[in-house]
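Please read this briefing next to the sequence and the model.

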Amino acid sequence: MRLGLIAVPVTFFAVFFAYPVAAILARGLHVDGAWQLARIWDVVARSDIRHVLWFTTWQALASTALTLLVALPGAYVFARLDFPGKQVLRAIVTVPFVLPTVVVGTAFLALVGRGGLLDELWGVRLDTTVWAILLAHVFFNYAVVVRTVGGLWGQLDPRQEEAARMLGASRFTAWRAVTLPALAPAVAAAALMVFLFTFTSFGVVQILGGPGFSTLEVEIYRQTSEIFDLSTAAVLTIIQFMAVGAVLALHAWTVRRRETALRLVDASVTARRPRGRGEWALLAGVLASVAVLLLLPLAVLVQRSFDAPDFGYYRALMSSDGGVFLVAPIEAIGNSLRYAVVATVIAVVIGGLAAAALTRRDAGRFVRGFDALLMLPLGVSAVTVGFGFLIALDEPPLDLRASWILVPLAQALVGVPFVVRTMLPVLRAVDGRLREAAAVLGASPWRVWREVDLPMVRRALLIAAGFAFAVSLGEFGATVFIARPDNPTLPVAVARLLGRAGELNYGQAMALSTILMVVCAVSLLVLERLRTDRTGEF
Amino acid sequence: MLLGIEDATVRFGGRAVLDAVGLGVAEHEIVCVLGPSGSGKSTLLRAVAGLQPLDSGRVLLDGRDQSGVPAHKRGVGLMFQDHQLFPQRDVGGNVAFGLRMHGASKGQQAERVRELLDLVGLPGAAGRAVAGLSGGEQQRVALARALAPRPRLLMLDEPLGQLDRSLRERLVVELRELFGRLGTTVLAVTHDQGEAFALADRVVVMRDGGVAQAGTPLEVWQRPVDEFVARFLGFDNVVEGTIAGEAADTPWGKLPVGESAAQGTRTLLVRPAGVRLVSGDAGLRCTVAARAFKGTHVAVHLQPADAPRLEAACALREAPEVGDVVGVEFDAAEIVVLG
């Protein structure tokens, strides 16, 4: 039974993840008929690559620090204070996390780029500095910190701090002695997550990064599509693979530590109205930072997309005269939706089976190892997946190059970790005694699943599907390698439009981004309505 | 008075959780606040602790108004209902926490931790993790932690609430003995009357945010002021009656009420011990509906023909069987005119 459950996802990962990764290894290190590990050092020793590595690392560190600085007060406010409109605002700050990277890149271009809002108002341009990248990364990862840290913070029993205060600790000392140690593993986990996302940042850097601002991901893409040096690209992928593996291992370790016995209570009872001038000021500060950092860029994006008479940019999308594509850009919407539906089905089936196998109490070491393996595509970055598909699946025995299924497969691979992470906590939370009770009342194993498990996970299943849908809709890093020119997806179309000069192309990119943003935001807000507090980490 | 509470009022939304409560606790006294859940007793403790601001009224410690004094400067201890031990620290770290906050040296801390763990009956437990403690052990550690900084007033919120019955009965005796020995001033809240009566010098019964009755355990037990207090103490033989002279006219017939009883329509309480069973052809005729074994006696539930049920306390060997028909007579000494 368990073998049956796990065979499908294992096969899927073997063919579409392990095999491409092996192909990358071979392409990078198997030179002239022999394995040459020294190739890694040769590539790292190049000054341009060293510069890329250095930039990738320090911008990720800076982004992480900046995100924590901005988002930790937000985590506190969302966890502990009660104010009107809190539910709506909580949903809104989550939107950026599922927004496609190209949308975020475009939005910040509209805000701080050439001819952007700041440029018009004060002549300030940030798109030639690293600040545009850092701010976009904060925009993206704000929700990660608020969800991971704030989620735990809201569940910490406030009476722990009160107990410390009764023993003579001041407000601050009580926080430092009791809350901070309880929170530290969650902060560390969130910081590692943010570091991982920004270390492997592709779309944002591709769009906002000026000359000299190139991350590993962007460099891999450049080596592949501009310089056609597949062997160097493969080595870079291997370097990234190792770095990501190290960060993921660290993350798994902090998550395990986070699970140590803390006193958790229902989050809804710990929040209260702000008291005193300090708390009101903090609330105002957080609301202001959300408005400026999260809402303003999106508002400017929408405004720019309408910045032509008679919805000119939107109407231009209907025609294929622009010459950027073989088809009218508007057709990218249909492509994206089709791909996303197929990718969602694949991701839910594979992820659902994997989660079900992982839930079983008798899951052994092998199965738990598989859990970590499932997370790899999330961290290993989309570009690796796309590049792997490009070099592995274009020749026998598996020649899918001409097949449309290639794109949904890559997107599903990126979506599966989200599905597993969403389903696992819910499946694990189903009390085993409920199943036993059903069995004692005469239900067969299948009936038990149908009557006990399914009603409890139905909601999580919908949420997982929604996440997979939003992820594949916005997927850029993998798709850009393998989407065919006559069948671009929305993000690919946006990036290509931005790559061309001219007012009309720029405006069309804004318009397409706006459409993409609306689709993603709507699907996320629908999910927020479905969400219960236990459904996963994202 | 070490602790004075004057007209303390706390509102949540529009509802008064504490409604003009007045209460005093003298030095070395143990006062127990008794009430059903939702009666405002925990809020009372939080207000004294400084964790819950008052909407009006005052809290005085040693005669000094505490408004504006933050919780950590009040010098009172609070033992939380579910202990709130810090899970990241071991037993010793928990007990030493308050000492550390008050700037005690390492040596002093270690010395006092050892002393307190001996006191609560957990010698040598300083290195143990709190997650591995049983309920009773957690209870003892929480007590040691609260006592460590020598608070001038120790407050206990449902101190034995989560423990099983036999452990509770043993611990309550231990606690009373310990507080007596140390001379600790204690304000405790509980919903369990047995616990309150066993622990307290003085009992305060709360209802809907106000004080319903205050007095020694004996006073409260013998003369509940009203039907609410009587029923809360577990008395169910409460009935309306019209008193004229030395008898009250009730659905259970004429009840004797002593000479000095107030006249007119009153609520009366008949303690089960005052319900005497006689043969079926005398007194009020009842059918035995149920019996419950209580260890020292049997509680017999009696159903008269057209009147509310009655509970009688019977000696073990004399209790009638279910379905028997018995007569009931009443003992004036066990009848209380309420209010």
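The points below are grouped by topic.

This is a predicted model, in which local features need pLDDT of at least 70 and side-chain atom pairs count only at pLDDT 80 or more, while totals for chains, interfaces and linings use all residues. Residues are numbered from 1 along each chain as its sequence is written, and chains are lettered from A and ligands numbered from 1 in the order in which they are written.

**Confidence**

- The model has an ipTM of 0.72 and a pTM of 0.73.
- Where pLDDT is low, predicted coordinates should not be read in detail.

**The two chains**

- Chain A contains 23 helices and 4 strands, whereas chain B contains 8 helices and 20 strands. Helices (H or I, at least four residues) and strands (E, at least two) are DSSP runs, numbered from the N terminus.
- Of the 538 residues of chain A, 49% are buried; in chain B the buried share is 40% of 339 residues. A residue is buried if 20 or more other C-beta atoms lie within 10 Å of its own, exposed if 12 or fewer, and partly exposed in between, with C-beta atoms placed from the backbone.
- Two residues are in contact if their C-beta atoms, placed from the backbone, lie within 7 Å. Among contacts between residues at least 6 apart in sequence, 82% in chain A join residues at least 24 apart, and in chain B the figure is 64%.
- Taken along the principal axes, the C-alpha atoms of chain B fill a box of roughly 80 × 45 × 35 Å.

**Domains of chain B**

- Chain B is divided into domain 1 (3-231) and domain 2 (236-338), with bounds that come from an automatic or database domain assignment.
- The C-alpha centres of domain 1 and domain 2 of chain B are 39 Å apart.
- Contacts between them involve 7 residues of domain 1 of chain B and 6 residues of domain 2 of chain B. On the domain 1 side, 3 of these residues are nonpolar, none are polar and 4 are charged.
- Ala, Val, Leu, Ile, Met, Phe, Trp, Tyr, Cys and Pro count as nonpolar, Asp, Glu, Lys and Arg as charged, and the others, Gly among them, as polar.

**Where chain B touches chain A**

- 18 residues of chain B are in contact with 19 residues of chain A.
- On the chain B side, β6 (76-79) and α2 (91-101) each supply at least two residues, and α2(B) gives the most, with 3 residues.
- The chain B side has 11 nonpolar, 6 polar and 1 charged residues.

**A sheet in chain B**

- Five strands of chain B form an open sheet with antiparallel pairing, in the order β13-β12-β11-β14-β20. Two strands pair if DSSP finds at least two bridges between them.
- The edge strands, β13 (253-256) and β20 (335-338) of chain B, each pair on one side only.
- Strand β11 (residues 238-244) and strand β14 (residues 264-270) of chain B are joined by 6 bridges. V238(B) has L269(B) as its bridge partner in β14(B).
- Strand β12 (residues 247-250) of chain B pairs with β13(B) over 4 bridges; the two form a hairpin with 2 residues between them. D249(B) is bridged to K254(B) in β13(B).
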